[in-house]
Amino acid sequence: MKWLTTCRETTVLASRAQDGHLTLGERMAMHLHLAICANCARFARQLQAMRRLLRADVVDAVTPGLSDAARRRIENELQKKLET
Amino acid sequence: MDTLDARTWLTEHGDYLFRVARRQLHSDALAEDAVQDTLLAALSARERYAGDASPRTWLTAILRHKIVDAIRRQVREVDLPRDEDGDEAVDALFRADGHWAEPVRPWGNPEAEAELSQLRRALDDCADRLKPLMAQVFSLREAAGMETAEICKELGITPTNCWVLLHRARLFMRQCLELNGFAGTQA
């Protein structure tokens, strides 16, 4: 395990850290880098913010729903199934 | 249950199911198919619906399986990235020595109320622009909160494939948000 990781390598670790799959050595190397690199520290924080925002978001009624064409198609399929 | 109920499901929950599916699948056509498959499956299984969950909860549970099925079908059609595959889009983000090519700009306060809805819209738009499987795995993990082990198992891909997809997706998402103006001046 190398202790001095590049920014690129650190983004791989920071990404995998979001999924809880770092070894102890990887975690230490990542924190060492994050402590001295503002860019990577921001990247890591932004990954967390992105997740919070995506998970907090309930599907709102502003985004489009089913199109009329799709709705008719599905209704036909349901009808067909009911007739068999 | 009779005809009326199946139609009622479509009328009352069709839009909701579509929005959930659209957000995970990043494709109108795939999302429409998933809604249709869900309602057809619900129709076949309606005797087993005990009525202790609300219809929406029950339908959403079926939809989740249909969404995973749809993504699994995509896995067979797409070349999965591996670590050793160079990706020019990733290369462009870093210098040859592994440093960031451009500084990572701060976001200011992304949870500030005024920017929140814009930011959420931008998140959805940016995720839509990822490559299909990358977008879907990203959404299963980040929006739906599935564990990577579960994602790998359901989709039949290796953990390495999963991590490479997620790493790239996260890099591109961040870059896309920054390009869309979510870079403030605060720390």
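The model is predicted.

**Entry 1: the contact between the chains**
I looked up how many residues each chain puts into the contact. Chain A gives 33 residues and chain B gives 41 residues. I then went through the side of chain B that touches chain A. Four helices of chain B each supply at least two residues to that side: α1 (3–25), α2 (28–44), α5 (113–129) and α8 (159–179). The largest share is that of α1(B), with 11 residues. I sorted the residues of this side of chain B by type and noted 23 nonpolar, 10 charged and 8 polar.

**Entry 2: α1(A) against α8(B)**
I picked one helix pair across the contact. Helix α1 of chain A (residues 7–17) packs with α8(B) at an angle of about 105°, and the axes are 9 Å apart. Angles of 65 to 115 degrees count as roughly perpendicular, so I wrote down α1(A) as roughly perpendicular to α8(B). From α1(A), the residues making the contact are A:Thr11, A:Val12, A:Ser15 and A:Arg16. From α8(B), they are B:Trp163, B:Leu166, B:His167, B:Arg170 and B:Leu171. By type, the residues of this helix contact are 4 nonpolar, 3 polar and 2 charged.

**Entry 3: α2(B)**
I checked the length of α2(B). With 17 residues at 1.5 Å a residue, α2(B) should span 24 Å, and the end C-alpha atoms are 24 Å apart, so the two values agree. I also looked up which residues of α2(B) are buried. Among them are B:Leu30, B:Ala31, B:Val35, B:Leu39 and B:Ala42. The buried residues of α2(B) also include B:Glu32, B:Asp33 and B:Asp37.

Terms used:
Residues are numbered from 1 along each chain as its sequence is written. Chains are lettered from A and ligands numbered from 1 in the order in which they are written. This is a predicted model: local features need pLDDT of at least 70, side-chain atom pairs count only at pLDDT 80 or more; totals for chains, interfaces and linings use all residues. Two residues are in contact if their C-beta atoms, placed from the backbone, lie within 7 Å. Ala, Val, Leu, Ile, Met, Phe, Trp, Tyr, Cys and Pro count as nonpolar, Asp, Glu, Lys and Arg as charged, and the others, Gly among them, as polar. Axes are lines fitted to C-alpha atoms, for helices over the stretch in contact, and angles run from 0 to 180 degrees between N-to-C directions. Angles under 35 degrees count as roughly parallel, over 145 as roughly antiparallel, 65 to 115 as roughly perpendicular and the rest as oblique. The expected span of a helix is 1.5 Å times one less than its number of residues. A residue is buried if 20 or more other C-beta atoms lie within 10 Å of its own, exposed if 12 or fewer, and partly exposed in between; C-beta atoms are placed from the backbone.
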